[in-house]
Amino acid sequence: MIEFFLDRRSGTSPYMQLVNQVRQALLLDRMRVGDQLPTIKTVVGHLAINPNTVQKAYRELERQGLIESTPGVGTFVKQSLAGPAVSVHPELRQSLAEWLERARDANLDDETIVALFESAMQATVAEERV
Amino acid sequence: MSAVLEAKNLGKRFGAHWALRNCTFSLQAGQITALVGPNGSGKSTLLELAVGLLSPTEGSIEIFGSSPLKNPPDVLQRVGFTAQEHPLFGGFSVAEMLRFGKNLNPRWDDEFANARVAQLGLPLNKKIGKLSGGQRAQIALILSLAKRPDVVLLDEPVASFDPLARREFLQTLMVTAAETSASIVLSSHTLEDLERVCDSILVIADGTIQLIGEIESVLASHRYVVGPPEEEVLSSIVHTVISRSRTGRQVATLVNLEAPLVLGDSWSVYEPSLEDVILGYLERSRNNPIGITA
């Protein structure tokens, strides 16, 4: 079952952090259709967080059609975000890791690496649009 | 939604000094509200007025639609209040303190009280006076919550806690909120964890309300704008300036947005944290001690 964390220094609101963590778990296939999410009370007890915040995050995920709550039974994943291509993730991750190693060998710092990645991403998006 | 607490032009004077003045606000059911302000700003006075430990000098405060000074048993049954100093009987054992709570409160939830005491490993036979400060605070909180109130008012509940005690205390409080949907008002002079625990804030300084609102809309309606000093006047015409600081060639202004921001290219806009916004208002009140009621 997914375990939530809150990053206190992140500028993202606690509610959005919970939503994002579920979305990320779904994207990376760490959570699948039918998997149960912890009850609101469990999350509240674990994080010492306002129950309205958890409720709001679950409502938002429900609105996005990703989870479904059945009163008295629980909250379950209704739809996955992992595409059919999830099987190629390990391979892509590996080649990215190799690329990162080459970037570090070339003495690039993290900020430059992220900047390079983002500019390459923007360039390919722009190409696709043409 | 109905109002749990509603103050109209509420004021309290001690001798020649107004501890609280011109307070008008209402808090909705089911919300968790932080009452924030520096020491001596009027937070405790406001909470004591809310539960009828003090009577207003002017204006009124109502809890569940009636004055806490009239029909006290009906009203106070539904209210859990823990004063700042966690008043308990030092000579009682933990078990005796719980029995005391049980005998005085018709809605007392014995199962909850015992479960929570056991969960925290609080020794039943130990005298209250021999417990640590954090343990005493836990007992005080359990007594307030076990009477199953519809509203819980806590005055500086976590001020003196170590991080673990603080976390356990907030866990008890939040789990209870999830179980009972009680409304909670907690005062605090520290700004840590507010966003995690609360939906709304009420910022009070110098005895007057500086800011009140849901945290989310407060964050959405405030921005830092940073730009050249000669254009500074542009932003202050359209928006309410909360605080301003000048450094060399630039001026940074915290504004309350009253309209969409339209600024020249030489300006940057940043989203402030909740802490930044609160501190901006506190700073403003210190610079204008007369107080501006939002």
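How many of the eight residues of helix α1 (residues 43-50) of chain B are buried?

Reply: This is a predicted model, in which local features need pLDDT of at least 70 and side-chain atom pairs count only at pLDDT 80 or more, while totals for chains, interfaces and linings use all residues. Residues are numbered from 1 along each chain as its sequence is written, chains are lettered from A and ligands numbered from 1 in the order in which they are written, and side-chain values use heavy atoms, with hydrogens and water left out.

Six of the eight residues of α1(B) are buried, and the helix is mostly covered. Here buried means under 20% relative accessible area, exposed means over 50%, and partly exposed lies in between (1.4 Å probe, protein chains only). Helices (H or I, at least four residues) and strands (E, at least two) are DSSP runs, numbered from the N terminus. The buried residues of α1(B) are B:Lys43, B:Thr45, B:Leu46, B:Leu47, B:Leu49 and B:Ala50. After this helix comes B:Gly52, which has a positive phi near 80 degrees.

The setting is chain B, which has ten helices and 13 strands. Of its 294 residues, 48% are buried, and its C-alpha trace spans about 70 × 40 × 35 Å along its principal axes. Among contacts in chain B with a separation of 6 or more, 69% join residues 24 or more positions apart; contact means heavy atoms within 4.5 Å.

The interior can be described next. A nonpolar core is a set of buried Ala, Val, Leu, Ile, Met, Phe, Trp, Tyr and Cys residues joined through side-chain atoms within 4.5 Å. The largest such core has 78 residues, of which B:Ile139, B:Ile201 and B:Ile278 touch the most other members. Its largest share, eight residues, is supplied by α5(B). Beyond its neighbours within four places in sequence, B:Ile278 is in contact with B:Val36, B:Leu191, B:Leu194, B:Ile201 and B:Val203. A second, separate core of 25 residues includes B:Ala50, one of the buried residues of α1(B). Other members of this second core include B:Leu20, B:Ile61 and B:Val79.

B:Arg78 lies in the loop between α2 (72-76) and β5 (79-82) of chain B. Its relative accessibility is 29%, so B:Arg78 counts as partly exposed. Apart from neighbours within four places in sequence, B:Arg78 touches B:Phe64, B:Arg107, B:Pro149, B:Asp150 and B:Val151. Its C-alpha atom is separated by 20 Å from that of B:Arg116, 38 residues apart along the chain.

Helix α4 (residues 110-119) of chain B and helix α5 (residues 133-146) of chain B have axes that come within 9 Å and cross at roughly 160 degrees. Axes are lines fitted to C-alpha atoms, for helices over the stretch in contact, and angles run from 0 to 180 degrees between N-to-C directions. The two helices are therefore roughly antiparallel to each other (over 145 degrees; under 35 is roughly parallel, 65 to 115 roughly perpendicular and the rest oblique). From α4(B), the residues making the contact are B:Phe112, B:Ala113, B:Arg116 and B:Val117, and from α5(B) they are B:Ile142, B:Leu145 and B:Ala146.
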